[in-house]
Amino acid sequence: MTLPILAFNEFTFEFETKPPTAPVLRKLTLSIGPGETLAVVGESGSGKSTMAYNAMRDLGVTGRLINGNIEVSGIDLVDLTPGELRKLRGGQVAMVPQDPMTSLSPSVRVGRQLEEVLFFHSSLKRGPAMDEAVLAALQMVELHETERILRSYPHELSGGQQQRVLIALAMISKPDLLILDEPTTGLDVTTEARILELIGRIQKEYGTAVLLITHNLGIVRQFSQRVIVLYAGDIVESGPVKEILENPAHPYTKGLLNCIPQIDSHLIEMDLPTIAGGLPDRNAMPSGCLFAPRCPLVSDQCHAGIPELKQVAEAHHVRCIFAEEQRVSNQRLSSVSSTPVPVAADAVEDDVLLAVEGLAVRYETEFGVVHAVDGVDFQCRRGEVLGIVGESGCGKSSLARSIAGLLVPSSGRIIFDQQDITRDGLQRPADVRRRIQMVFQNPEHSLNPQHTIEKCLLRPIKLFSQIAPENYRDRIIELLESVKLNSYHLNRYPHELSGGERQRVAIARALAAEPDLVICDEPVSSLDVSVQAGILNLLQESQRTDRVAFIFISHDLNVVRHISNRIVVMYRGRICEAGTTAELLSPPYHPYTEALLGATPIVQSGILKRKVNLPYSTSKAAGGESEGCLFADRCPHKVGLICESELPPDRSLHTGGHLFCHLSNDQLGAMEPIFTRTP
Amino acid sequence: MMGSAKWSRLTSRQAFGLAFGSIIITGLIFLAIFGRWLIPYDVEAMHFDHLKEFPSSEFLLGTDRFGRDVLSRLILGTSTTMLIAGASTALATIFGTIIGLSSAFYGGIFDKIAMRVIDVIIAFPTLVFAMFVIGVLGSGIFNGIIVISLLFTPSIARVVRSAAISIVVLDYVNVARMRGERTLYILFYEVAPNLYPTILVEASIRFGMAILVTAGLSYIGLGPPPPAPDWGTMASEGRSIMFSNPWPVFAPSIAIVLAVIGVNLLGDGIGALLVAKPSRASGSNVK
């Protein structure tokens, strides 16, 4: 038997705190063989990153090893001297960190950073041999303008290019083990798909073992052979990817899989199942199974002690006393019953609530004028969820801010309930300000850390509602309950709440004004999948009960199609395609929509996805003043010169929607669907 | 319940500092108000048989070269020193905060003009600027306060502006704008509370410097006119013969150090009490 590249043996690790808390990783045992890809999934706080850093023996300032050891190719890392560790890190073991912008040194040219790795980890001296090695590394990660990139500083590259440079930095010393810590979280889906493909190819070529840390189960399915589910520092389930995704046996794994919107969930109109609660408090760990407080199957036996990992199928281990029955049962587990709810489309009325006409937002920068939004038209009906989807830099945030009145558009009109409101929020009538509310991406930034939750909800009630002051408190509690929080939270400060709870408060604050339209700018992007599902349910519920219309902006097509009645797809400031969710998900596609769908990782089994090859985006910024189609430079279906010289016509293939493309209706109609069900 | 939650925001170091700082500052305020009835000797009385003496049971902190009791002068000096330093720091903090916050919030041309004016004031050497203003206004305690607050407003404004600039772009400020809140509400209810620690720490540093600037002004004859002795003046007067007669320099120097430490500890402690969670802008992200 060959030695594993990486092995954790009974590894227990804690951070020294006052008062002492439970270990962050508990008796962790795992191994990765040569060339193998092991994925580690779990909610944030489950110990994934701690584990990754430990694989390089980076303990942090307060980290302390309690028990066990880590071996890399049979060498125990615990015994290594600082000098030996330095040789190991970046040499035998390399890491691609999460955020490329903060992981590359901003004041050192890319070429220099690559040379540095070789300087420390190879016998090469500066000179032609080293130059060649650096060039080879860039070519390996498909960076072609090598000369320019070597001379660039990191900020001169796009996000995808930066991430590829980081991969080159990690791979240039030909490591045995590559650790990927959420390698694509900050990237657009189309870039993400390309990067994952690239890593897969390099891994095959060099036989590198990969430890992949991610929260995205779609990536796991596509990319790895084995998977470990980590919960509060414990392995709760491990085994081959196919086995785990198709026959999950631990209630937690089942929960995680269920909260991801299914590919056809917009047709079923169901609430998403959620996992109640959050990770256990490290100051007060449950005595028995750590998942018991959140588990729908919990029974008295569960509190007797932490269950041991047991084998339920070949190489499939589960830490649950009910594992065997659960593995074979296909019952969907959830703490909320996923009962079909009234079809949300009923809530949509025919009259137009918001109309955006020829809206454009231009920014003057030192490099010239940037067209963030370039002539966008759409309408949102009363009670409708309108999804706006697009990658970073497509202008969706500028659009949201214009509608919200935080930004005055350069041209175009915004009509809200037949009034022209194309101006700064302060100049709008107070009633319009009440009726349009916004929920932001990061609740950490949208709630004032110095205000209690009560104070935060009180203000909009005071300003906008007709309630008598003595009833303010009742109204606040009612609002909190409508977002599944309670009066306990009144006197809390935002930092005492979890990310999901904070976002609920932000939603409650928007609803406090009794709005007609709520603009949600990436409202679930900073949240775990388990929390995300709860927020999506909440939004749908207020659409149904309060007849609130939502403009739901996201880069995640999975989420958008779950919640939206209609979807608008934007690319570099312009609309490519708009139509109902069902129309958008089936052919004819705009080539960009096709690419987005093709790049979206799918977890669900029994769905075949057609691959779409899309070149990397070359531009960093939003659209310019192109006369033609802005997608032309990346379009796999490019017709010819006409794409670059003429604005694409509206093919009007969708009911009340648009599809701007030079492809003829016949060509568009001949497109194959992206998703097909396997029999 | 809320009260205990607030106290738990302090680290043990901060709690100790807060207690220590409040004792010092309360004591100094007490001396400043009631000192004139507590002094053992008249401050101007010269005891010619006790020149340049070290501490003794008769003169607890010794005497200066004119045979004046150092302890009495020190106690009486408390009120002048605390008044000038305290009032000028308070004024500078108030105006500096208002200018800094508005500069960060409005940005654009207002910000540019405010910052350039501030640059001009900061570019002047402290004493030259002080001489210029006092030359126009005349010397005295009140004018001293005006000069020092004029000197300190710019630096406080700048510190507040740079901290506020990262707050005014946050989404909770956007939410307040969308609600149609008035600028004053946004500045003082949404932005400022996040900056209290920054402002208080800056103010306590300024307080210490105000005492030193007062001394500097007195040294070149632009301070509060005699007989009101302030600590800075006492220390600088005795400086030339401090090797043969150290106590007239020691005593006020130690008093200045104690006052500055007291104000710093108090400022740090109150700052920690006032904020629910130090925001990143405050620079003290306590884990």
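The following questions and answers concern a predicted model. Residues are numbered from 1 along each chain as its sequence is written, while chains are lettered from A and ligands numbered from 1 in the order in which they are written. In this predicted model, local features need pLDDT of at least 70 and side-chain atom pairs count only at pLDDT 80 or more, whereas totals for chains, interfaces and linings use all residues.

Visitor: Which element of chain B has the highest mean pLDDT?
Guide: The term pLDDT denotes the predictor's confidence in each residue, from 0 to 100. Helices (H or I, at least four residues) and strands (E, at least two) are DSSP runs, numbered from the N terminus. Among the elements of chain B, the lowest mean, 59, belongs to helix H1 (residues 2-7) of chain B, and the highest, 93, to helix H8 (residues 183-191) of chain B.

Visitor: How many helices does chain B have?
Guide: The elements of chain B, read from the N terminus, run α-α-α-α-α-α-α-α-α-α-α. Chain B has zero strands, and its helices number eleven.

Visitor: What percentage of the residues in chain B are buried?
Guide: A residue is buried if 20 or more other C-beta atoms, placed from the backbone, lie within 10 Å of its own, exposed if 12 or fewer, and partly exposed in between. Of the 287 residues in chain B, the buried share is 46%.

Visitor: In S8(A), which residue is the bridge partner of Leu177(A)?
Guide: Two strands pair if DSSP finds at least two bridges between them. Strand S7 (residues 177-181) of chain A runs parallel to strand S8 (residues 209-213) of chain A, and five bridges join them. The partner of Leu177(A) in S8(A) is Ala209(A).
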